[in-house]
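These are my notebook entries on one structure. I record what I looked up, in the order in which I looked it up.

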Amino acid sequence: MRLCVIGVGYVGLVTGACLADLGNSVICVDVDKKKIQNLNKNILPIYEPGLEELVKRNKTRLKFTINLKEGIQKSDIIFIAVGTPPKENGEADLTYVKDAAKSIGKYINGYKIIVDKSTVPVGMGDLVESIIEDTSKAKKKFDVVSCPEFLREGSALHDFMNPDRIVIGAKNKIAANKVAEIFKPLNTKVIITDLRSAEMIKYASNSFLATKISFINEIANICEKVGADVETVAMGMGLDKRIGRLFLNAGAGFGGSCFPKDVSALINIALSEDYDPILLKAVMEINKIQKKSIITKIKKMLGTVEGRSIGILGIAFKPETDDIREAVSLDVMNALLEKGCRIKAYDPAAIENAKKMIKGVKYVKNAYEVAENAECLVVLTEWNEFKELDLKKIKSLMKSPNIVDGRNIYDPDLVKKLGFNYTGVGRS
Ligand code: NAD
């Protein structure tokens, strides 16, 4: 099939490359000239395991361009995968989706199916339809389909190629089936529904996962008070099939470009319909408390935080990505900088992005450099390489052997035996 993907970010690039790998011809279009120039030189704008090889392997079926007209006119099915970042009030900013819809209206030259992969508020499919209708002079026929994306950064290729389900929402069942055909090689469950339910499935799914995280974080905080261990509690809970172990990892809170944004957007959607979403508001509130609790833990360990030398292990919002949007590390580092701390930080993939966001931090090349003369090490991303560190060496490099483990990656007994003062999350 001849496909176009508008927006070549974390979702758009993975979608384009995977769809090409499934045998389609894909034109990937972005307004960011530099990004497209780099992609045409095989320089990827993001770090995602396996993506570089996949793009290279499908070079003959993948085209990168800034030419929206070409992308739209040469394709039968157009995917919108532009960003929907949060506005200050938590609402989703729909400017980029609206712009993409206007371009489609402007250049449409025959029947097209427009597939929305961006996460958008319920009703956006109808809005995209009316924008295309209003901007299109030729009054060509088209259908709008919602097909929300559920991939996770860090395992995006695997997730795209092995989805738990494909959700397709549309008014026209023929268009829905045509989109379903694209995903047929993935051999997975396809749910065909109406536009609004498909849009809601995405928000409800992310909000549920965020709720699970805030739930276990609240349990962790209670565990600390009553002398229980949240890791054991989560294991005991997770063995119950009705609950499941996934997303029951207590820690410093959730970040990233999706959970905080999507829960906030759903809260706004509910409020705008005169419904008070008390559970979702609590999910966000607990997350705020959780991020702040890292500073409290450092204070408890050192007595005072002001002016201390702190080592940060992990900046990305999760392992295996360079994405730092809404990362917990940003809040923690900013709070420490405000208290006059000297901070050294290391992340296997996210340093270049962090340098653009936070000044005043010394970014170093590995965890051992972070440890040198640090009074406290703070783990904020559970990268595997941090689990494998030579902790004896780390201890010998530190000014004082303190660890605040914001992701519970270490065995408390083991690190305490090595002579560290250790605080995890929910581990009494
Ligand atoms: P991103 O910011 O990484 O990429 C968006 C891209 O769109 C950018 O390259 C930008 O230049 C481009 N763009 C903006 N306006 C454009 C236009 N008019 N024409 C062409 N290109 C344009 O965003 P992302 O993380 O890939 O997210 C995209 C959407 O997918 C969001 O709605 C997000 O919520 C959703 N989503 C993201 C993830 C994830 O893990 N990142 C997972 C599932 C769903």
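**Entry 1: The shell around the ligand**

I began with the elements around the ligand and found that H5 gives the most to the shell, with 3 residues. I note that the model is predicted.

I then asked how many residues surround the ligand, and which are the closest. The shell holds 28 residues, and Asp30, Lys35, Thr84, Glu153 and Lys261 are the closest. Sorted by class, the shell has 12 nonpolar, 9 charged and 7 polar residues.

**Entry 2: Polar contacts and cover**

I next looked up individual atom pairs between protein and ligand. For Val31, a backbone N or O atom lies 3.5 Å from a nitrogen atom of the ligand. For Thr84, a polar side-chain atom is 2.6 Å from an oxygen atom of the ligand. In the side chain of Lys261, an N or O atom lies 2.6 Å from an oxygen atom of the ligand.

I also looked up the cover: on its own the ligand has 820 Å² of accessible area, and the protein covers 90% of this. Two elements give two or more residues to the shell, namely helix H1 (10-21) and helix H5 (95-107).

**Entry 3: Position between the domains**

Why does the ligand lie between domain 1 and domain 2? I found that domain 1 (2-193) and domain 2 (209-423) both give residues to the shell, and therefore the ligand lies between them.

Strand S7 (residues 165-170) runs parallel to S8 and is joined to S8 by 5 bridges. Ile166 has Val190 in S8 as its bridge partner.

**Entry 4: The sheet of 6 strands**

I found an open sheet of 6 strands, ordered S11-S10-S9-S12-S13-S14, with parallel pairing. Which strands form its edges? They are strand S11 (362-363) and strand S14 (421-423), and each pairs on one side only.

Strand S13 (residues 402-405) pairs with S14 in the parallel sense over 3 bridges. Opposite Val404 stands Thr423 in S14.

Conventions:
Residues are numbered from 1 along each chain as its sequence is written. This is a predicted model: local features need pLDDT of at least 70, side-chain atom pairs count only at pLDDT 80 or more; totals for chains, interfaces and linings use all residues. Side-chain values use heavy atoms; hydrogens and water are left out. A residue is near a molecule or strand if one of its heavy atoms lies within 4 Å of it. A polar contact is a pair of N or O atoms within 3.5 Å; within protein, one must be able to donate a hydrogen and the other to accept it, and residues adjacent in sequence count only if both atoms are side-chain atoms. Accessible areas come from the Shrake-Rupley method with a 1.4 Å probe; for residues, only the protein chains shown count as cover. Helices (H or I, at least four residues) and strands (E, at least two) are DSSP runs, numbered from the N terminus. Ala, Val, Leu, Ile, Met, Phe, Trp, Tyr, Cys and Pro count as nonpolar, Asp, Glu, Lys and Arg as charged, and the others, Gly among them, as polar. Domain bounds come from an automatic or database domain assignment. Two strands pair if DSSP finds at least two bridges between them.
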